[in-house]
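Try each one before reading its solution.

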Amino acid sequence: MTIREWRLPAALILLGLIPMLAGAGRLTELGSGPEITPTNARFVADPLPVVLHIVGAVVYTILGAFQFVPRLRRYPWHRRAGRVLVPCGLTVAFTGLWMAVAYDLPAHDNDVLAGMRLIFGSAMAGSILLGLAAALRRDIALHRRWMVRGYAIGLGAGTQAFTHAPYLIATGEQPDGNLRAGLVVAGWVINLAVAEWYLRRPTRVVTAPALKLS
């Protein structure tokens, strides 16, 4: 790949770096038999969904970034990576929904944010499934659109770190209530807006083979 082709995947991986590092810290904490605190009690009591969520998100973020390289979409690598990305993306979406329903609300969250997590988690899963269905029908253009939207939602945690940053810098405290809900939702909305711009900009069409499951 040329340097220009590396720019977008590198930027996407960098955007996901903060949540990936936070996830690695959480896995390390859970593996060390942590002292139970109000912050980690829900994870210690039921670690499976958060472990699956973190592992799935790391693979989805890194591997998914390289699906944006046009050169790679001409080769079987794109399909093979897709066979990993679809289950990883669905794992991220469904474990996010699982945690939103099963875990007690953290101190800074409220019911509005819990509801938004259900909406965007469902939208991510739906986008991936619609993208898969389009690929199986050999509608590559539609497949691309839905997969980009699903990836944009999945990368929301990276952008949410930046939407929270001005408040944290100004006050030194975590936002809570409806303000936190708005900042979290802003991360998803920004990503989806950028995704729609990316999909609508003039690009050279790259023909890709149909997805095969066997």
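**Exercise 1.** Find which residues Leu199 touches, not counting residues up to four places away in sequence, and decide whether Leu199 is buried or exposed.

*Solution.* Start with the location: Leu199 belongs to helix H9. In this predicted model, the residues that Leu199 touches beyond four places in sequence are Arg144, Arg145, Val148 and Arg149. Next, take a C-alpha distance: Leu199 and Ala141 are 58 residues apart along the chain, and their C-alpha atoms are separated by 9.8 Å. Finally, check the accessibility. Buried means under 20% relative accessible area; Leu199 has 12% relative accessibility, so Leu199 counts as buried.

**Exercise 2.** Work out what span the 26 residues of H6 should have at 1.5 Å a residue, and compare it with the distance between the end C-alpha atoms. Then list what covers the buried residues of H6.

*Solution.* The expected span is 1.5 Å times one less than the number of residues. For H6 this gives 38 Å, and the end C-alpha atoms are 38 Å apart, so the two agree. Now look at burial: among the buried residues of H6 are Leu113, Phe120, Met124, Ile128 and Leu132. Their cover includes H4, H5, H7 and H9.

**Exercise 3.** Identify the residues that touch the most other members of the largest nonpolar core, and trace the contacts of Tyr60.

*Solution.* The core has 30 residues, and Tyr60, Met124, Ile128 and Tyr151 touch the most other members. The elements giving two or more residues to this core are H4, helix H5 (76-102), helix H6 (111-136), H7 and helix H9 (177-200). Leaving aside neighbours within four places in sequence, Tyr60 is in contact with residues including Leu85, Cys88, Met124, Ile128, Met147 and Tyr151. There is also a second, separate core of six residues, which includes Phe43, Ile54, Met99 and Tyr103.

Technical notes: Residues numbered from 1 in each chain as written. Predicted model: local features only at pLDDT ≥ 70, side-chain atom pairs only at ≥ 80, totals over all residues. Heavy atoms only, no water. Core = buried A, V, L, I, M, F, W, Y, C linked by side-chain atoms within 4.5 Å. Buried < 20%, exposed > 50% of the residue type's maximum accessible area, 1.4 Å probe, protein only. Helix = DSSP H or I, 4+ residues; strand = E, 2+ residues; numbered from the N terminus. Contact = heavy atoms within 4.5 Å.
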